[in-house]
Amino acid sequence: MASSSSLHLSQALLARAVYLHGSSSDRVSLSTASTLSSFPSFSGLKTLSSSASSSSSNSGSGSVSSRAPRRVGSVVRATAVETLDKTTEASLVEKSINTIRFLSIDAVEKANSGHPGLPMGCAPMGHILYDEVMRYNPKNPSWFNRDRFILSAGHGCMLQYALLHLAGYDSVQEEDLKSFRQWGSKTPGHPENFETYGIEVTTGPLGQGIANAVGLALAEKHLAARFNKPDSEIVDHYTYVILGDGCQMEGISNEACSLAGHWGLGKLIALYDDNHISIDGDTEIAFTENVDKRFEALGWHVIWVKNGNTGYDEIRAAIKEAKAVKDKPTLIKVTTTIGFGSPNKANSYSVHGSALGAKEVDATRKNLGWPYEPFHVPEDVKKHWSRHTPEGAALEAEWNAKFAEYQKKYPEEATDLKYIITGEFPAGWEKALPTYTPESPADATRNLSQQNLNALAKVLPGLIGGSADLASSNMTLLKMFGDFQKGTPEERNVRFGVREHGMGAICNGIALHSPGFIAYCATFFVFTDYMRAAIRISALCEAGVIYVMTHDSIGLGEDGPTHQPIEHLASFRAMPNILMLRPADGNETAGAYKVAVLNKKRPSILALSRQKLPQLPGTSIEGVEKGGYTISDNSSGNKPDVILIGTGSELEIAAAAGEELRKEGKAVRVVSFVSWELFEEQSAEYKESVLPAAVTARVSIEAGSTFGWQKIVGSQGKAIGIDRFGASAPAGKIYKEFGITKEAVIAAAKELS
């Protein structure tokens, strides 16, 4: 039971919140009265004093739902929210919540690093979600129809690690908690989906998590609309989020939440940890907007839980109300005390990002009546949580049986859904990729990209995506499908609007929902600057998003330097675990898509031209898979006089220069270097066959920064490129003025050879 000093902190914080938000009402819902009237009735939130004083009597035994207790083998989630068995004592709930707090405190203290404040304040939310509400199987964290939980405020990750440990996930054992933030541990300093089973997405950069959650909820809504039948609801799960003030301040959250409201993602429920503290101190120094009104304007249902510290029934009731709202996402603003229970550091920035210290840990133990040693889980708490293992197995078995029946009734739909769930490919899918000959008409690679996307959409049921208000320019529309909208969620063209950053993070969520989703998104290549943080998270968290980036160079012409990428190719080549692909024609564009689709744990960026390019002799899908390969060569014995290397629209220039040099008696090899990363992964023998070490006369040409090209051309080679910003003029004129020409390549080759 919380001490009076902690309750006083809670009271003070609530009084301040009422002052800031201009409300002293007891109502939970902040939405319109007409909307509220359609919800099932339940007792509203108590006033501050009644909530605080009655917490011990209502925290565990008072059930929001009147349903029967959950039973293994017959798990029917028919009500809006799951609650504890009515026989569960309130004291056990309190003990469970404090277990979460002290596992977090102890891990941060042992590491002498971390963020204890959020887990201490959010422990009631975490307990109610993981112990009472969410459906999951701790022994199979990837079970398809599980509820998803995202800790957008990823710095508070000990909250989630403690919850995974209590719930029985094998990925977080006691030793893992004791190894928090240490080399090789399964409990890194921010949640990492590739490191810890049970973590859905990688969070830490604030705002990314809530945007990922929008993608996860979009995926659920889309699959439910495509595959559910009147007699079989095979897709039915929720996405829950805890986000903080920092997430709310980041612009990406507004981008993504605007789309969530527009799309009516009713199974997205975000709990906002409204604790008014950030690293620099009280949020009143920089963040005084009315978040409630903003989210209402974004199309969300909004609820305020005034006492998130001890008002457990209020949290339960808010989640029940949120689940009753089917046509819009819900924000539950939960006013909490950061570092709840710490007598001297609660409600201050000092508890945000550093260990409490031994003296304050002892004081907190006394304050919350916690007599146990570090990392101890009381037996009654352990026994209580242990039920999630058999119940989770029963939930999955029940779903598997339902899917088996679904498969009998709807075999075609079941086949497509299985491809999305498992990540397996339909046999021969790659045969759908178009092929081209030198006689095929010249075309911009953005147009060729659209041909490939539409061919793939017919054979890959998980392909879904769209553009940031540039679909007609990026050429990304899937012509056989309509738009994913609130009323047509079964469609596969996603309209992101001018929201590049949110778009990238939403696609990460889609890609990580199920292995068979192939999410793509598009804008002009230069505007990757708006979404670089989301792209970096794609690479880090192994989300195989396909980034379709058109207008990839000065070749876009008159729009000028604001729209002409220069340093972008080099910057993405420097990023780990991402493929930077710059195809030169139709066959290479098809090859780039084949590579991108196959790389499920590595995102790909396709840099595509606005201007028309010829279909070159010698290009191939197979060559692209090697990253770099020879498209023409009149040398013998692997000893050309000079090697000309080009990418994208400049491969044509290299090929033309090679023809001219051959007329003068030179032995010339022309190499397409569509992907540095793929080439680097080839065997030493293969790389030697393309770029023999003995041939130092090498010339590269690319309409971008020359940064990094010395690695390819060597110290005696020459890189032709652009190391300044572009200009506004017709494309041909810019190429000539900047020396990106056949003549420049010939001159450099003669100088070197």
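**Largest cavity**

I began with the lining of the largest cavity, which divides into six nonpolar, one polar and three charged residues. For the classes I counted Ala, Val, Leu, Ile, Met, Phe, Trp, Tyr, Cys and Pro as nonpolar, Asp, Glu, Lys and Arg as charged, and the others, Gly among them, as polar. The model is predicted: local features need pLDDT of at least 70 and side-chain atom pairs count only at pLDDT 80 or more, while totals for chains, interfaces and linings use all residues. I number residues from 1 along each chain as its sequence is written, and side-chain values use heavy atoms, with hydrogens and water left out.

I listed the lining of the largest cavity as Tyr130, Met134, Tyr136, Pro141, Arg146, Asp147, Phe149, Tyr169, Gly198 and Glu200. Its volume came out at about 70 Å³. My search of the whole structure gave six cavities of 30 Å³ or more.

The search runs on a 1 Å grid over the protein atoms alone: a cavity is a set of points where a 1.4 Å probe fits but cannot get out, and a pocket is an open set with protein on both sides within 12 Å along at least five of seven lines. Lining residues have an atom within 4 Å of a point. Grid points are joined across faces, edges and corners, and a volume is the space filled by probe spheres set on the points.

I turned to the largest pocket, with a volume of about 740 Å³. It is lined by 28 residues, and those closest to its centre are Ser142, Asn193, Leu512, Pro515 and Lys601. By class I have 15 nonpolar, seven polar and six charged residues in this lining. Helices α20 (500-513) and α23 (586-598) each supply at least two of the lining residues. The largest share, three residues, is from α20. I take helices (H or I, at least four residues) as DSSP runs, numbered from the N terminus.

The second largest pocket has a volume of about 290 Å³. Of its 17 lining residues, I found His165, Leu166, Gly168, Val377 and Lys382 closest to the centre. Two or more residues come from each of α7 (158-167) and α15 (379-385), and α7 gives the largest share, three residues.

**Helix α18 against α23**

I looked up α23 again for its packing. Helix α18 (residues 445-457) and α23 pack at an angle of about 50 degrees, with their axes 9 Å apart. Axes are lines fitted to C-alpha atoms, for helices over the stretch in contact, and angles run from 0 to 180 degrees between N-to-C directions. The two helices are therefore oblique to each other; angles under 35 degrees count as roughly parallel, over 145 as roughly antiparallel, 65 to 115 as roughly perpendicular and the rest as oblique. The crossing of α18 and α23 is right-handed, that is, the near helix is turned clockwise from the far one by less than a right angle.

Which residues of α18 meet α23? I noted Thr445, Leu448, Ser449, Asn452, Leu453 and Leu456 on α18, against Gly586, Thr589, Ala590, Tyr593 and Val597 on α23. Contact here means heavy atoms within 4.5 Å. This contact has six nonpolar, five polar and no charged residues.

**Helix α6 against α13**

I checked helix α6 (residues 117-133) with helix α13 (residues 312-324): the angle is about 55 degrees and the axes are 10 Å apart. That makes α6 oblique to α13, and their crossing is right-handed. Pro124, Met125, Ile128, Leu129, Glu132 and Val133 in α6 meet Tyr312, Ile315, Arg316, Ile319 and Lys323 in α13. I get eight nonpolar, no polar and three charged residues for this contact.

**Helix α5 against α14**

Last, I looked up helix α5 (residues 90-111) and helix α14 (residues 358-367), which pack at about 170 degrees with axes 11 Å apart. That makes α5 roughly antiparallel to α14.
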